[in-house]
Amino acid sequence: MQRLKHLRWLSSHVLSRRVNGVKCFGSSLFGVKQHQFFLSSRAMASGGVTSKSNEKRNRLSKELSPYLLQHALNPVDWYPWGQEAFDKAKLENKLIFLSVGYSTCHWCHVMERESFENEEIGRILNENFVSIKVDREERPDVDRVYMTFIQATVGGGGWPMSVWLTPELKPLFGGTYFPPDDRYYGRPGFKTVLTSLAEQWKTKGPVLKEQSSVILRTLQEGTSASEAPGQSLPDVKDCTEKLYYQLERSFDQEDGGFSKEPKFPQPVNFNFLFRLYAKYKDSFSDMANSSLEMATFTLNKMAKGGIFDHISKGFHRYSTDAVWHVPHFEKMLYDQGQLLFSYAEAYQITKQDEFAEVVRDIAEYTMRDLLNPCGGFYSAEDADSLPTAESPEKKEGAFCVWTYQQIQDILKEKVKDNLSLAQIFCYHFNIKEKGNVNPMQDPHDELLNQNVLIVKDSVEETAQKFSLNPVEVKDVLEKCRTLLYKERQNRPRPHLDDKIVAAWNGLMISGLSKAGQALGESLFVDQAVKTASFLQNHMYDKTSSTLYRTSYVEKDSISMGSSPIEGFVDDYAYVIRGLLDLYEVCQDEQWVQWAEELQERQNGLFWDSEGGAYFSNSGRDASIVLRLKDDQDGAEPCPNSVSVSNLVRLGALLNNQDYTEKAVTILKVFYERLTKIPIAIPEMVCGLILLQDTPKQIVLVGNPNSDDLNALKNCVAKHYLPNKITITCDGTSDKFMKAKLEFLNSLTKKDGKATAYVCENYTCDLPVTSVADLERVLKVNP
């Protein structure tokens, strides 16, 4: 940490300069931290000079990434990340301008409109820099390296990410969004930064090169993580209590969530809180009850808020305010997969129908709008779209919002005398004649007079308001949603990023498997199987056991392009987790076999045999100048966090002590983080709980598809048992498992009935043959 503080000081002095009379310090954007400017820039950015008539296509037109293709008509001479660009920078001795983003990123669109479509800025870039465009979803290894630099020197990060590199790919200066010119509060804009950096490179190139080496070396030293000699395991009680109190202190008692605005879903927090509840609920501790309350209260608030799309369903990326009302409207697959899992667990614990309804809604949205016919899920839908087919410019949220008059016109049907569908719908979803969006959340007036649906009152309160019964109101609201959904289909759709990412499909397999398990709905499990099969058939090389990162829709078929991108550690970790969750619910051992193959490959590619834990990349790509170990759960969980649980589960499933020892090593490597700031890695704390509590093996023995075996399966599935591992021995799909776990061969049916054995460390309690007895042994309520 001290080294990274030194780096921030160093970077500020390396690039200290004066531009237009304003002193500028390194990666702090002209004396103001870049991330602060980025968050507030929503209130400032507006359209820039564009060149829509320029039809000359740059080399990005040959790429498959939807994000890179969006920039194929820019006047900027873009290169994809690769040797051609690196060689040009060295040959011409030019700085590299690296721009990283993704196709559904609102602020990436803003910077493109303002700067990358600007002919003058394009000329400056082309004459003085080698410009490289990277899709962060396609190349997370590139993104991680330079985002680490941005976060270390600025204190925050985001996209678009803008970084200037030496020809040797060492970072010098960077930030996130830059306005095109000096229009905002005296801050020099993108054009000014470009001309200043170009001049400095010409006059002080050797000095800057030397300083870039110091910066990279400092980053390498400051981000290293290894197991300390003699390091003990973190104490599970201390870590869980510290994390609980950190979350409790940040919890919003009024509106849920664990931060002030903006608010993000943070499914890893729900994962931890549910596991903490399960761990302590039998002791009737306040901590257990409070954990459950914080998680379920937040999930309820989110489901009622504008962050949830009440018409097309699914969740938007995050809320710009504290009450979950006005979102950034993009929809990401990784959010849907994780929240599907969270709401399914909430239902498993509480049996509240509201949670089951949200599970079905997320599944409906993803399987309707994001699913490729071959079985893989697409990445995302954009926030921006054209309000009408005739509109000249896209607006954020245009596909999702409604005016008061539109609602009146579409929902004019009468429910009874003097009461229309519109009156009930407007009351329930807080629709106002002049719109319901706070102007502070809409500085560009994109949502002027528009309404973002948000539920303030319950169905019962709405029923009371109009002297109806709750069933009638539910029927009315469902009819209204159907009518509005039909009307919405007449609007221009947002851009669909049809890139298929292995890691995110792994998260969807987990979510669908848990949804199918909790709700007992085979439709979800069937889709999880299809998605797993898609990954195996289209994005996996059986010969080399290599998983690939991305595939694309090309001419109505699935392609990985001429140079497929091999998977990164998150691809392996998330897919393995998905396969283990899928096995839990369908009990087809082929998924455990594949999980083992992937785990072996993950270990071979990413495991640090000297210091322990997993690197984020394999180290085989020489253009990646920093080999990092992820140590923070963000929008997606940290791969090292996920791997702890994967290794513990696989260790217990396959009687593989090496896997369990690797899980222990990861926890030791991140001992300081776990014991001091566990709020940074809640998912890893879940892995620590699983390891310390020892997974229970629930072995079910019976005839295939028999009623008594299915009854025992359903009993296990409906209860929330986060430290369980289920194994079914029915003579049809158990040869692999019996070869791995010899004790399974001695377990038989009792009295001719399907039989359950609850085991720990391969030692079993007395067998039971009834659901009631199984629930008693598992210590769960019927």
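Predicted model: local features only at pLDDT ≥ 70, side-chain atom pairs only at ≥ 80, totals over all residues.
Which residues in α9 meet which in α25? Numbering runs from 1 along each chain as its sequence is written, and side-chain values use heavy atoms, with hydrogens and water left out.

**View A. Helix α9 against helix α25.** From α9, V236, C239, T240 and L243 meet P682, V685, L688, I689 and Q692 of α25 (contact: heavy atoms within 4.5 Å). That set splits into seven nonpolar, two polar and no charged residues (Ala, Val, Leu, Ile, Met, Phe, Trp, Tyr, Cys and Pro are nonpolar; Asp, Glu, Lys and Arg charged; the others, Gly among them, polar). The axes of α9 (236-250) and α25 (682-693) come within 10 Å and cross at roughly 145 degrees (lines fitted to C-alpha atoms over the stretch in contact; angles run from 0 to 180 degrees between N-to-C directions). Helices are DSSP runs of H or I, at least four residues, and strands are E runs of at least two, numbered from the N terminus.

**View B. E330, buried without a salt bridge.** E330 sits in the loop between β9 (327-328) and β10 (331-332). Buried means under 20% relative accessible area, with a 1.4 Å probe and protein chains only. R317, the nearest side chain of opposite charge, is 6.0 Å away; a salt bridge needs a Lys or Arg side-chain nitrogen within 4 Å of an Asp or Glu carboxyl oxygen.

**View C. L453 in its loop.** L453 lies between α15 (421-428) and α16 (459-465), and is buried at 6% relative accessible area. Beyond four places in sequence, its contacts include W402, F425 and F429.

Key
Buried < 20%, exposed > 50% of the residue type's maximum accessible area, 1.4 Å probe, protein only. Lys, Arg positive; Asp, Glu negative; His and termini not counted.
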